[in-house]
Amino acid sequence: MKKLLLLYNPISGKGSFKNRLDYIISKFQQNDYLVTPYRLDGERDIFKKIDVDDYNLIVAAGGDGTLNSVINDMVSNNVDLPLGIIPVGTSNDFAKHLGIKGSLDKNIEGIIKGQIKTIDIGYINGWGSFINVVSLGNLPSVAHKTNPSFKNNLGKLAYYINVLGQYPVFQPFKIHLKTKDREFNEEALLFFVLNSPCAGGFKSLAPEAKVDDGKFDVLVIKNCKLIEKLSLFIKVLKGEHHDDQCVLYFQTDQLIVHSADWVETDVDGEEGPNLPMEIKCYKKLKVFC
């Protein structure tokens, strides 16, 4: 019998996962898994409390923020078990890109079948790890100020409504980017470092991004006139923005980000560290997908 550690966020998405906990345990038990559930309530270093040597795999149920927290704890405590994902957050961008979507039964079936993929994760010097996206500026401010009940009821539509309402008056910020061989100085409206094409419910921010290529995709939406802003927003929704004159796009495995301005940051849907940031693509993670 395989031993499974089930980590779940009781408030992710609409908070309905906890109501199906008994059903989920029964489905795994029917397939010869012994399940230990653990309720996440925001604490870190949970693997200092749990002896992972007793388990064969870990399953995390939540959104991108929950995955970020679990993976940070796994990395900082050298936990090398394969990770299953049950996406029950608002957008679940990273899980969707991995093909983890559909019904709860399909999610469980994917873990039981045991198809494992090794993926990249990122590291922010002095802060921790991330799996999907680092963003700066106006979009993190919108995300952090979105009412949780509004977000839970409308899902990613809540982000679209808030972004569209505030986008015309987004304030630009100065940003300096340095890779191993290039430097950029820009006045930006939005900034992203992406491991997958998706973030914030937007499906094609970085269409060329791959989770296992050893690189991140960097996207800068430059400051521009109002009419250009509106046109660019439509292009972003369609994934047709990369050749726009108001966009800077490139790939790298290492990046230093500075700004002369105070800029709000977001890492996998949660509040991030202050600038400057040194970001590296540095480690592989085994996931069921």
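## Paired side chains in a predicted model

F184 is buried, and F250 is buried too. This is a predicted model. The report looks at aromatic pairs and then at salt bridges.

**Aromatic pairs**

The count of aromatic pairs comes to five. One of them joins Y123 and Y282. The ring centres of Y123 and Y282 are 5.3 Å apart, and the planes make an angle of 55°. That pair is tilted. Y123 belongs to strand β5 and Y282 to strand β15, so the pair ties together parts that are 159 residues apart in sequence. How accessible are the two rings' residues? Y123 has a relative accessible area of 30%, so Y123 is partly exposed. Y282 has 37% and is also partly exposed.

Now return to the two phenylalanines. Are the rings of F184 and F250 stacked or tilted? Their centres lie 4.8 Å apart and their planes meet at 20°, so this pair is stacked. The cut-off for stacked is under 30 degrees. The pair links distant parts of the chain. F184 sits in strand β9 (residues 183-194), F250 sits in strand β11 (residues 247-252), and 66 residues separate them.

**Salt bridges**

The model has eight salt bridges.

| Salt bridge | Closest N to O distance |
|---|---|
| E109 and K113 | 3.1 Å |
| K235 and D244 | 2.9 Å |

D120 has a relative accessibility of 1%, so D120 counts as buried. K284 reaches 45%, so K284 counts as partly exposed.

K113 counts as exposed because its relative accessibility is 58%.

The bridge between K235 and D244 remains. K235 has a relative accessible area of 27%, so K235 is partly exposed. D244 has 13%, so D244 is buried. Buried means under 20%.

Notes
Residues are numbered from 1 along each chain as its sequence is written. This is a predicted model: local features need pLDDT of at least 70, side-chain atom pairs count only at pLDDT 80 or more; totals for chains, interfaces and linings use all residues. Side-chain values use heavy atoms; hydrogens and water are left out. A salt bridge is a side-chain nitrogen of Lys or Arg within 4 Å of a carboxyl oxygen of Asp or Glu. Buried means under 20% relative accessible area, exposed over 50%, partly exposed in between (1.4 Å probe, protein chains only). Rings of Phe, Tyr and Trp (its six-membered ring) pair if their centres lie within 6.5 Å; planes under 30 degrees apart count as stacked, over 60 as edge-to-face and the rest as tilted. Helices (H or I, at least four residues) and strands (E, at least two) are DSSP runs, numbered from the N terminus.
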